[in-house]
Amino acid sequence: MDAKVLSTRPAGPFVKPLFFNVVSMESMRRECLLAKPAGVERRVTSPKPNSAQVHCLQRDALVLMARARLPLPLISITDKVHSPAYATPAGASVRHYTNLPLYDWRVSELVNLSHQCKARDSGFVRCDGHVRPGGTIWGPGSEAFDRTRSYELHSNLTLMALAHFYTGDELFAAKGVELARAWWLDEDTAMLPTLEFAHYSRPRGGRYFGVIEMKDLVWTLDAVALLRRTSSWTANDSRRMDSWCRAYGVWLNGSKERASRNNHGWYFAIQRASVAHCAGDTRSSIGVALGAHVDTYTTAKYITAAGLFPLERMRPRALHYHFFTSYALILAARALTSLGDEPRVRLISTALGRTLKLLNSWTLFMGRTERWAPLCQWARDYAPLYPHVIPDPQTLQKCSTLRQINAANPLLPTDPHSGVLPFSDMMW
């Protein structure tokens with residue numbers, strides 16, 4: 001890639017992303033453009049690499065991964081593979097997002113989970129925290145549903161948008177726009193703006209609609225905001241994208257999960273903010289809706305003085321759900337920072353400071369270093385602003401260790417079920 005391509009920035013109006021930290025991203029972009037071009041072998045010789053070295057290593061890895069994925073076929077909601085084991089729900093078309101209720105197991109599927117499961121509900125046994133066969137990303141049977149391809153779409157489109165942002169290479173932008181058209185905009189292949197059949201095994205009146213399964217949409221719509229600035233994106237793309245987001249937002253506001261009080265409620269709130277931003281709603285209306293959720297769910301009833309989430313602590317895999325909920329709070333803080341709502345950012349930061357110290361005191365997570373990446377980024381971005389919640393020395397040491405791990409292995413594997421995408425610190 002020549003220097004001219006690397007230095008090119010597309011012209012046109014720029015819709016600022018809601019969650020991405022564009023100021024930090026622009027600083028990293030300039031930092032790495034002054035170093036060796038992307039794709040040139042780079043080694044870290046210092047035992048304690050600085051942030052510039054780590055960011056440029058990650059930029060290189062990001063570009064290499066994006067280049068490797070350029071030839072991959074487009075992803076569509078219509079790519080479902082029929083399975084005789086799972087009947088298509090009545091009323092659903094191939095353009096509806098479909099998936100199983102993740103924790104509702106058939107009795108025949110149970111092996112050693114019965115002691116962690118509740119009584120039958122609508123003909124199923126609920127095993128909280130344990131994903132049933134067919135619901136696991138890339139797992140056997142998942143090809144019949146849309147969870148895996150949705151994760152791949154969100155990951156690949158975000159990857160292409162970031163690769164274009166950091167290099168200026170239009171090849172990445174063109175691929176990202178093609179992915180967006182196939183998934184949201186093309187009348188023959190696009191996902192309908194609803195999750196009515198996301199958890200379709202239960203009767204309609206007795207199920208939540210799986211809003212949690214679109215949690216990565218907040219990353220991806222910010223990636224679309226970056227693509228809107230490129231020459232590959234057209235005015236017609238904007239009209240269709242705005243229309244899709246507006247329609248999905250209407251459906252979202254009528255879903256049951258808007259009343260959820262645990263992590264589902266947080267992911268509903270940031271998803272609603274994301275689609276409202278995509279549809280062109282005013283910043284003040286987005287801030288009012290998200291702020292109301294923050295005001296209610298950062299109180300002691302939902303986050304204790306010790307940093308516990310009471311509605312998550314008694315669940316199986318409580319540690320996972322504390323990390324998972326923390327990510328949603330970080331995203332809410334990022335959005336409110338973009339919207340200039342300092343008081344509510346302070347509310348979230350105070351709560352997250354307590355939770356971060358709590359997670360550090362637990363020992364079960366020690367082998368899962370990738371889960372610390374977003375929390376370390378939060379510490380970097382927000383702790384200097386709020387000295388009363390600066391993480392303790394052990395946490396800061398853990399973040400320093402993670403920085404070294406990332407430098408040695410920029411493609412640090414990420415559990416897709418955790419909600420953390422690779423290169424998350426390249427967005428913040």
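Me: Which residues in α9 and α11 meet?
Reply: From α9 they are R283, L290 and V294, and these meet A332, A335, L336 and S338 in α11, where a contact means heavy atoms within 4.5 Å. Bear in mind that this is a predicted model, in which local features need pLDDT of at least 70 and side-chain atom pairs count only at 80 or more, while totals for chains, interfaces and linings use all residues. Residues are numbered from 1 along each chain as its sequence is written, and side-chain values use heavy atoms, with hydrogens and water left out.

Me: At what angle do α9 and α11 pack?
Reply: Helix α9, residues 283–297, packs with α11 at an angle of about 145°, and their axes are 10 Å apart. The axes are lines fitted to C-alpha atoms, for helices over the stretch in contact, with angles from 0 to 180 degrees between N-to-C directions.

Me: How many helices and strands does the chain have?
Reply: The protein chain has 14 helices and three strands, taken as DSSP runs numbered from the N terminus (H or I, at least four residues, for helices; E, at least two, for strands). Among its contacts between residues at least 6 apart in sequence, 72% join residues at least 24 apart.

Me: How much of the chain is buried?
Reply: Buried residues make up 58% of the 428 residues in the protein chain, buried being under 20% relative accessible area with a 1.4 Å probe, counting protein chains only.

Me: Switching to α4, how do the axes of α4 and α5 cross?
Reply: The axes of α4 and helix α5, which spans residues 170–185, come within 8 Å and cross at roughly 150°. Among the residues making this contact are L153, L157, M160 and A163 of α4, together with F172, G176, L179, W183 and W184 of α5.

Me: What about H154, is H154 buried or exposed?
Reply: H154, which is found in helix α4, is buried, with a relative accessible area of 1%.

Me: And which residues is H154 in contact with, leaving aside its neighbours within four places in sequence?
Reply: Those are M214, D216, L217 and T220.

Me: New topic: how many aromatic pairs are there in the whole structure?
Reply: A search of the whole structure finds eight aromatic pairs, where rings of Phe, Tyr and Trp (its six-membered ring) pair if their centres lie within 6.5 Å, with planes under 30 degrees apart counted as stacked, over 60 as edge-to-face and the rest as tilted. One of them joins W138 and Y151, which are edge-to-face at 5.5 Å centre to centre, with 85° between the planes. This pair links distant parts of the chain, since W138 is in the loop between β3 (124–126) and α4 (147–167) and Y151 is in helix α4, 13 residues apart. Y151 is buried, with a relative accessible area of 8%.

Me: Why is the pair of F323 and Y327 tilted?
Reply: The ring centres of F323 and Y327 are 6.4 Å apart and the planes are at 45°, so the pair counts as tilted. Both residues lie in helix α11 (residues 318–338), four residues apart, which is about one turn of the helix. F323 is buried at a relative accessible area of 2%, and Y327 is buried too, at 5%.

Me: Which residues do ring pairs link into a cluster?
Reply: W184, W244, Y248 and W251 are linked into a cluster by ring pairs.

Me: Back to W138, what is its phi?
Reply: Phi of W138 is near 65°, a positive value in a residue other than glycine.

Terms used. Buried < 20%, exposed > 50% of the residue type's maximum accessible area, 1.4 Å probe, protein only.
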